[in-house]
Amino acid sequence: MNRKDAKSAKENAEGGGEGVNTEGETIWAISVKKVIAWSGCIVPRLHNYFLFAMISASSASLRFNCLCVFGFIFCGFAGLAWLLMLKGFLSRFNGATQQASIKVEDLGDGITAFRLHSRWTRMLGLEVSFYRVGDLLVDTGFAHASPLVLQALENATISAICCTHHHEDHTGNAGVLAERHGCPVVIYQPEHLETEGLDRLLPYRRLFWGMPGPFRADPMNERVVGREAELEVISAPGHSQTHVALFEPVSRTVFVGDLFVTPGASGVMTHENPYLLVESLRRVAALEPRRMLTGHGRDVHDPVGPLKGKADAIERAAAESQRLIEEGVRPRAVARRVFPKGRRKDRMLEILTQGEFSRLNFVRAAVKHGREQK
Ligand SMILES: [Zn+2]
């Protein structure tokens with residue numbers, strides 16, 4: 001991290017403000033100014049030569065040729081200036097997506113929460129949270145917030161980075177943090193690192209979270225043991241093949257990543273399996289945790305009821321989806337009947353994510369994996 005990034009990160013870490021990348025803006029502003037300056041020198045001279053050539057031209061065809069040459073040069077300059085302005089606009093747009101903020105919160109029991117936002121996630125009201133438990137880190141946030149995350153953990157001792165799963169909003173800073181703190185990154189079944197869209201991130205995922213840096217992942221065992229804390233690993237697939245819940249037995253806190261983003265049944269990503277989700281939710285509820293900390297900002301005290309309630313809701317929605325499909329109702333109509341509220345938001349998310357996240361996916365997954373279960 002250079003000094004400019006560090007200063008920006010410090011300001012953000014302290015004040016919860018926005019980190020601004022103005023590099024692209026500066027480059028385009030200078031470039032367009034230069035083109036205008038060149039045009040200011042060259043075009044009037046060309047204009048004079050053009051007028052002279054037009055007046056002294058002996059024939060109409062020569063005049064026409066002069067007009068074409070001048071028009072060609074003028075269009076060339078205009079086109080170049082336009083392209084540079086377009087590049088500048090795109091640079092500003094890209095810089096804006098990287099505006100991120102971080103909020104550090106002491107949750108007690110040796111747990112610290114790091115709440116992240118990028119411009120786009122702020123607009124959608126979607127927060128990304130990662131946690132420090134003693135000297136263990138649970139998830140790492142997304143790559144757009146990299147300088148802020150590095151700054152916030154600059155003086156922390158990190159023995160291991162444990163990822164609840166391998167999606168880029170949870171592992172976006174795993175590589176840079178592992179390098180900075182000289183610690184391992186552990187993931188359940190790391191052989192799946194390149195799956196579930198991570199091999200080729202769709203534009204919305206790049207826009208929201210940024211491209212995660214490369215990192216080496218070690219397999220996660222039944223426990224992750226640090227010098228100051230210990231976490232039990234509970235397999236929790238459904239949202240992701242690599243998904244786990246991490247249970248801290250002293251404070252009875254469970255870290256569930258994306259297993260519990262919203263209460264009740266909801267839209268899912270194309271690779272998700274609602275039946276595995278139900279099993280995972282019940283497995284975590286069986287731990288009888290006192291507190292549940294999620295990957296997207298939801299802290300739930302006494303979470304057993306909400307966990308079981310979500311499992312029941314998913315089970316009901318999946319059964320209803322299967323029943324309606326068997327009756328011959330079309331999948332999109334099934335989605336509308338199973339999820340009667342919030343259709344507009346779901347449609348917007350479906351378009352934005354190019355169909356990777358939707359309630360329609362839930363219906364399709366309920367039918368596909370329901371058949372597998374029979
Ligand atoms: Zn995820």
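**Helix α9.** I began with helix α9 (residues 274-285) and checked its length: at 1.5 Å a residue, its 12 residues should span 16 Å, and the end C-alpha atoms are 16 Å apart, which agrees. I noted that the model I am reading is a predicted one. Next I asked which residues of α9 are buried. They are P274, L277, S280, L281, V284 and A285. Viewed down the axis of α9, these buried residues fall within an arc of 135 degrees, so they line one face of the helix.

**The chain as a whole.** I counted 13 helices and 15 strands in the chain. Of the 374 residues, 36% are buried. I then took the contacts between residues at least 6 apart in sequence; 69% of them join residues at least 24 apart.

**The core.** The largest nonpolar core holds 73 residues. Those with the most contacts inside this core are L136, V138, I161, C162, V185, A245 and V284. Which helix gives the most to the core? It is α10 (residues 304-326), with 6 residues.

Setting aside neighbours within four places in sequence, I found V185 in contact with I161, C163, A174, A178, F215, R216, A217 and D218.

**The sheet.** I traced an open sheet of 7 strands in the order β1-β2-β3-β4-β5-β6-β7, with mixed pairing. Its edge strands are β1 (100-108) and β7 (217-219), each pairing on one side only. On average, neighbouring strands of this sheet are turned by 25 degrees against each other, direction ignored.

I looked at one pair in detail. Strands β2 (residues 111-118) and β3 (residues 128-133) run antiparallel and are joined by 6 bridges. In this pair, A113 of β2 stands opposite Y131 in β3.

I also looked up what lies across the sheet strands. Helix α7 (residues 174-181) lies across β4 (136-138), β5 (160-162) and β6 (185-187), and runs at about 165 degrees to β5.

Most residues other than glycine have a negative phi. I therefore noted two exceptions to that rule. Q189 has a phi near 50 degrees, positive in a residue other than glycine. I placed Q189 in the loop between β6 and α8 (203-209). Is Q189 partly exposed or buried? With 19 other C-beta atoms within 10 Å, Q189 is partly exposed.

Q354 also has a positive phi, of about 50 degrees, although not a glycine. I found Q354 in the loop between α12 (343-352) and β15 (357-358). With 11 C-beta neighbours inside 10 Å, Q354 counts as exposed.

Terms used:
Residues are numbered from 1 along each chain as its sequence is written. This is a predicted model: local features need pLDDT of at least 70, side-chain atom pairs count only at pLDDT 80 or more; totals for chains, interfaces and linings use all residues. Two strands pair if DSSP finds at least two bridges between them. Helices (H or I, at least four residues) and strands (E, at least two) are DSSP runs, numbered from the N terminus. Axes are lines fitted to C-alpha atoms, for helices over the stretch in contact, and angles run from 0 to 180 degrees between N-to-C directions. Two residues are in contact if their C-beta atoms, placed from the backbone, lie within 7 Å. The expected span of a helix is 1.5 Å times one less than its number of residues. A residue is buried if 20 or more other C-beta atoms lie within 10 Å of its own, exposed if 12 or fewer, and partly exposed in between; C-beta atoms are placed from the backbone. The arc is that of the directions from the helix axis to the C-beta atoms. A nonpolar core is a set of buried Ala, Val, Leu, Ile, Met, Phe, Trp, Tyr and Cys residues joined through C-beta atoms within 7 Å.
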